[in-house]
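Here is a friendly walk through one model, with the sequence and the coordinates to hand. Please keep the viewer open as you read.

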Amino acid sequence: MNFELLDHYLLDGSPAKAHVVRCLLESGPASQAVAPFFEGMRLLGARTPDLTLVALRLVLAGKKADDAAVVELRGLVERARTADASAREAYRALLGLTASEGAP
């Protein structure tokens, strides 16, 4: 699964959501834990809410997508889209990524 593509979309708003959703669907669910997300994306396509993609990213990182974690990651995504470099670092840290993996 292309985590980098999803991270680019979440942090930069690019590439287009339709492309990201299509690529994710082509790769198929990595586990049963994400199968419901993929069913929703299949049904909604480019109309898939960003909040769904935020929750999906948490689950793909092996984290719980509870309300607090989703709200926290969504806040970091919003800050990152305003060129807040510290938000990108916090995004990596929350997902347990090293500087060389995942998030741009």
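## Starting point: Ala18

Ala18 sits in helix α2 (residues 17-27); helices here are DSSP runs of H or I with at least four residues, and strands are E runs of at least two, numbered from the N terminus. With a relative accessibility of 34%, Ala18 counts as partly exposed. On that scale, buried means under 20% relative accessible area, exposed means over 50%, and partly exposed is in between, using a 1.4 Å probe and protein chains only. Ala18 and Gln32 are 14 residues apart in sequence, and their C-alpha atoms are 23 Å apart in space.

A word on the source: this is a predicted model, in which local features need pLDDT of at least 70 and side-chain atom pairs count only at pLDDT 80 or more, while totals for chains, interfaces and linings use all residues. Residues are numbered from 1 along each chain as its sequence is written, and side-chain values use heavy atoms, with hydrogens and water left out.

## How α2 meets α3

Two packed helices are described by the angle between their axes and the distance between the axes. For α2 and α3, the axes come within 10 Å and cross at roughly 130 degrees. Axes are lines fitted to C-alpha atoms, for helices over the stretch in contact, and angles run from 0 to 180 degrees between N-to-C directions. Angles under 35 degrees count as roughly parallel, over 145 as roughly antiparallel, 65 to 115 as roughly perpendicular, and the rest as oblique.

α2 passes α3 in a left-handed crossing. The term left-handed applies if the near helix is turned anticlockwise from the far one by less than a right angle, and right-handed if clockwise. On the α2 side, Val21, Leu24, Leu25 and Ser27 meet Phe38, Met41 and Arg42 of α3, where contact means heavy atoms within 4.5 Å. The residues of this contact divide into 5 nonpolar, 1 polar and 1 charged. Ala, Val, Leu, Ile, Met, Phe, Trp, Tyr, Cys and Pro count as nonpolar, Asp, Glu, Lys and Arg as charged, and the others, Gly among them, as polar.

Helix α3 (residues 35-44) packs on α4 at an angle of about 150 degrees, with the axes 10 Å apart. The two helices are therefore roughly antiparallel to each other. Their crossing is left-handed. Phe37, Phe38 and Met41 of α3 make the contact with Thr52, Leu53, Ala55, Leu56 and Val59 of α4. By class, this contact has 7 nonpolar, 1 polar and no charged residues.

Now look at the loop between α3 and α4, where you will find Thr48. Is Thr48 buried or exposed? At 1% relative accessibility, Thr48 counts as buried. The side chain of Thr48 reaches the backbone oxygen of Gly45 at 2.7 Å. Leaving aside neighbours within four places in sequence, Thr48 is in contact with Lys17, Val21, Gly40, Met41 and Leu53.

## α4 against α5

What is the angle at which helix α4 (residues 50-60) and helix α5 (residues 67-80) cross? Their axes come within 9 Å and cross at roughly 110 degrees. That makes α4 roughly perpendicular to α5. The crossing of α4 and α5 is right-handed.

From α4, the contact takes in Leu51, Val54, Ala55 and Leu58, and from α5 it takes in Ala69, Val70, Leu73, Arg74 and Val77. These residues divide into 8 nonpolar, no polar and 1 charged.

## Local details worth a look

The peptide bond from Ser14 to Pro15 is cis, with omega near 0 degrees. Pro15 is found in the loop between α1 (3-12) and α2. In the loop between α5 and α6 lies Ala83, which has a positive phi of about 70 degrees although it is not a glycine. At 70% relative accessibility, Ala83 counts as exposed.

Arg92 belongs to helix α6 (residues 85-95) and, at 9% relative accessibility, counts as buried. The side chain of Arg92 makes a polar contact with the side chain of Glu89 at 2.7 Å. A polar contact is a pair of N or O atoms within 3.5 Å; within protein, one must be able to donate a hydrogen and the other to accept it, and residues adjacent in sequence count only if both atoms are side-chain atoms.
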